[in-house]
Amino acid sequence: QVQLVESGGGLVQAGDSLRLSCAVSGRTLTNYAVGWFRQAPGKEREFVSAIAWFGAGTATSYSDSVKGRFTISSDNAENTVFLQMSSLKPEDAGVYYCAGSMRLRMVGSSLPGARMSSWYNSWGQGTQVTVSS
């Protein structure tokens with residue numbers, strides 16, 4: 001059984017940085033994909049970023065709202081995925097979830113289905129990120 005546990009959330013001011021971690025257990029990250037989603041109160045859960053390791057290469061994906069500010073990375077030996085968030089804005093606040101997928105397809109260096117939550121079959125419990133202005 002695959003389990004994912006998020007950590008690293010907290011309260012920061014606008015413009016600050018924060019790094020979230022997602023620890024994956026039950027399998028290696030080989031031929032796997034991990035995505036980050038977030039949900040603010042009263043809003044739909046939205047895609048943030050994803051990383052995948054299908055084949056010899058690595059593919060990443062970012063939502064337009066976080067491109068240039070967030071970076072997804074991993075320590076595969078430790079089965080951990082990170083989301084480095086910089087220049088945080090109040091609209092970045094919410095509960096951040098990591099999710100795993102054995103089905104998300106890699107097309108070249110792209111992840112065309114990464115933003116679709118239906119492709120992910122394992123989810124963490126979330127970690128709260130609060131950004132004050």
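These legends go with a set of close-up views of a predicted model.

The model is predicted, so local features need pLDDT of at least 70, side-chain atom pairs count only at pLDDT 80 or more, and totals for chains, interfaces and linings use all residues. Residues are numbered from 1 along each chain as its sequence is written, and side-chain values use heavy atoms, with hydrogens and water left out.

**View 1. Phe37 and Phe47 pair up edge-to-face.**
A search of the whole structure turns up four aromatic pairs. In this one the ring centres sit 5.6 Å apart, with 75° between the planes. Rings of Phe, Tyr and Trp (its six-membered ring) pair if their centres lie within 6.5 Å; planes under 30 degrees apart are stacked, over 60 edge-to-face, and the rest tilted. Phe37 belongs to strand β4 (residues 33-39) and Phe47 to strand β5 (residues 46-52), ten residues apart. Strands (E, at least two residues) are DSSP runs, as are helices (H or I, at least four), numbered from the N terminus. Both Phe37 and Phe47 are buried; that means under 20% relative accessible area, with exposed over 50% and partly exposed in between (1.4 Å probe, protein chains only).

Tyr120 comes from the loop between β9 (94-101) and β10 (122-123), 83 residues away from Phe37 in β4. Relative accessible area is 1% for Phe37 and 4% for Tyr120. Zoom out a bit, and ring pairs link Phe37, Phe47, Tyr120 and Trp123 into a cluster.

**View 2. Arg45 sits over the ring of Tyr97 and the face of Trp123.**
The charged end of Arg45 is 3.9 Å from the ring centre of Tyr97; for Trp123, the distance to the ring centre is 4.8 Å. To count, NZ of Lys or CZ of Arg must be within 6 Å of the ring centre and within 35 degrees of the ring normal.

**View 3. Cys22 and Cys98 form the one disulfide in the structure.**
The S to S distance is 2.1 Å (the cut-off is a pair of cysteine sulfur atoms within 2.5 Å). Cys22 is in strand β3 (residues 18-25) and Cys98 in strand β9, so the link ties together parts 76 residues apart in sequence. The link is right-handed, with 75° about the S-S bond, and both cysteines are buried.

**View 4. Ser63 is tucked into a loop, buried at 7% relative accessible area.**
That loop runs between β6 (59-62) and β7 (70-75). Leaving aside neighbours within four places in sequence, Ser63 is in contact (heavy atoms within 4.5 Å) with Phe47, Val48 and Arg115.
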